[in-house]
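Work through these exercises with the structure in view. Try each task before you read its solution.

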Amino acid sequence: MPIKTIIEILSAILILIGFELFNRRHIKAFTIMAIGQFLATIICIMASLWFLAFMHLVNFLMQIRGWYKWQQGAS
């Protein structure tokens with residue numbers, strides 16, 4: 001199995017786990033989702049899917065922003 005396929009599957013699994021953790025209101029969801037979105041960005045760049053890569057990158061940055069906001073609200 002090619003490495004791109006493995007990364008793509010891992011990315012999808014992490015994003016799905018992130019969504020489930022969001023439903024349960026866990027802060028870990030931001031980290032898991034960010035990693036999944038970053039991996040998806042890399043795969044889209046490797047496949048020359050520039051618009052999708054940009055959208056995954058934006059989602060990655062939104063996860064980091066959400067994590068910081070959650071941290072500020074908790075303290």
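Axes are lines fitted to C-alpha atoms, for helices over the stretch in contact, and angles run from 0 to 180 degrees between N-to-C directions. Helices (H or I, at least four residues) and strands (E, at least two) are DSSP runs, numbered from the N terminus. The model is predicted: local features need pLDDT of at least 70, side-chain atom pairs count only at pLDDT 80 or more, and totals for chains, interfaces and linings use all residues. Residues are numbered from 1 along each chain as its sequence is written, and side-chain values use heavy atoms, with hydrogens and water left out.

**Exercise 1.** Find how many helices and strands the protein has, and state their order.

Solution. Step one: count. The protein has three helices and zero strands. Step two: read from the N terminus. The elements run α-α-α.

**Exercise 2.** Describe how helix H1 and helix H2 cross.

Solution. Step one: locate the helices. H1 covers residues 3-23 and H2 covers residues 28-46. Step two: take the axes. They come within 8 Å and cross at roughly 150°. Step three: name the arrangement. Angles under 35 degrees count as roughly parallel, over 145 as roughly antiparallel, 65 to 115 as roughly perpendicular and the rest as oblique. H1 is therefore roughly antiparallel to H2.

**Exercise 3.** Sort the residues where H1 meets H2 by type.

Solution. Step one: find contacts (heavy atoms within 4.5 Å). On the H1 side, the residues include Ile7, Leu14 and Phe22. On the H2 side, Phe30, Met33 and Ile43 are among them. Step two: sort. Ala, Val, Leu, Ile, Met, Phe, Trp, Tyr, Cys and Pro count as nonpolar, Asp, Glu, Lys and Arg as charged, and the others, Gly among them, as polar.

**Exercise 4.** Decide whether Lys28 and Gln63 are buried or exposed.

Solution. Step one: set the limits. Buried means under 20% relative accessible area, exposed over 50%, partly exposed in between (1.4 Å probe, protein chains only). Step two: take Lys28. Lys28 lies in helix H2. Its relative accessible area is 58%, so Lys28 is exposed. Step three: take Gln63. Gln63 sits in helix H3, residues 50-74. Its relative accessible area is 12%, so Gln63 is buried. Step four: list the contacts of Gln63. Leaving aside neighbours within four places in sequence, Gln63 touches Phe22, Phe30, Met33 and Ala34.

**Exercise 5.** State what share of the protein's residues count as buried.

Solution. Apply the limit to the 75 residues: 27% count as buried.
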